[in-house]
Amino acid sequence: MPIPHRMLAVLALHSFTATAAAAQTRDVAGSRDYPGIGRFTGSVITGYVMKDFDAARMQAAAFRDGQPADARRLEGRIFRIAYRTNPGPSILEVSRNFETQLAKAGFETLLTCDTDACGAIPFTEAIDTLPVPQMWVDGFNYRYFSGRKTEGGRETYASVIVSQNNQDIYAQVTVAELGAIANKMVDAAAMAKGLGETGHIALYGIYFDTDKAVLKPESRPTLEQIAKLLTSQPQLNVFIVGHTDGQGAYEYNLDLSKRRAEAVAAELVKSFRIAQTRLRTAGVGLLAPVGSNATDAGRALNRRVELVAP
């Protein structure tokens, strides 16, 4: 019987992404292990997303009658790190190694379960995983762990899901450092004040995905304030300067920061009708840090866009 076209497309996608994943021999740019957790020997990072403030879904209990029994929505600094390990180890071996390491790091177990005990396919649909091919989850074959620790008054949750695709083992570590959102909104008046007093002002309300220079929709409120400033002061011209943290190669960060500054200028011209001649762009990469690149908090401060007075 002929194979339906849709099935052929799925098989082709599976083959292509599996081949692409197998060809990866180095961690994705800008990625790193979560401190104190690390990785299974021989793994490479296939996906990495860190948000200074986001929400993650974790399960603290197995499903009952096909429904979540203790689903938690966690807000704060969120890390999502996906790994691929070449054929050899089992799902259980990789998962047990992560579980042991998390216990050493101070995490108390909330849930450990395998496929059917967790809740099978519906369970995997109720947790956060990075997209294919960064992370693969087989709803018929996986293991899940979630844990919690409190240290210095700060509450942190971690989960690990381990599954398999084409004999390769995939694992995703998700860590949620709970915390309130920082106020990163800078209005037009504050921008004018900063430019007048110090000649520049850092903006943290402009958002990009890791390693990308495409503005996220959440950036619009800050862009509106930049446009308001420039519209209220027709004589004002500014430099838009992109900055990165110290993760990744020097030349790569220079280019990324430049492209991000250009994206901001392009959006101001396109959506707010600011004259292109009033905006000049530059990228300085990691060359002007305002925090330590050795800490997450410092790196978060260094990832920014600045307005600079000529």
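This is a short chat about a predicted model of a protein.

Q: What should I know about the model before we start?
A: It is predicted: local features need pLDDT of at least 70, side-chain atom pairs count only at pLDDT 80 or more, and totals for chains, interfaces and linings use all residues. Residues are numbered from 1 along each chain as its sequence is written, and side-chain values use heavy atoms, with hydrogens and water left out.

Q: How many helices and strands are there in the protein?
A: Eight helices and 10 strands. Both are DSSP runs, numbered from the N terminus: helices are H or I with at least four residues, strands are E with at least two.

Q: And how much of the protein is buried?
A: 45% of the 310 residues. Buried means under 20% relative accessible area, with a 1.4 Å probe and protein chains only.

Q: Switching to sheets. What is the strand order in the open sheet of four?
A: S7-S10-S8-S9, with mixed pairing. Two strands pair if DSSP finds at least two bridges between them.

Q: Which are the edge strands?
A: Strand S7 (200-203) and strand S9 (279-283). Each pairs on one side only.

Q: Do S7 and S10 run parallel or antiparallel?
A: Antiparallel, over four bridges. S10 covers residues 304-308. Ala-202 has Glu-306 in S10 as its bridge partner.

Q: What holds paired strands together, in general?
A: Strands of a sheet pair through backbone hydrogen bonds.

Q: Which helix lies across S8, S9 and S10?
A: Helix H7, residues 250-272. H7 runs at about 160° to S9. Angles run from 0 to 180 degrees between N-to-C directions, and axes are lines fitted to C-alpha atoms, for helices over the stretch in contact (heavy atoms within 4.5 Å).

Definitions and conventions: Buried means under 20% relative accessible area, exposed over 50%, partly exposed in between (1.4 Å probe, protein chains only).
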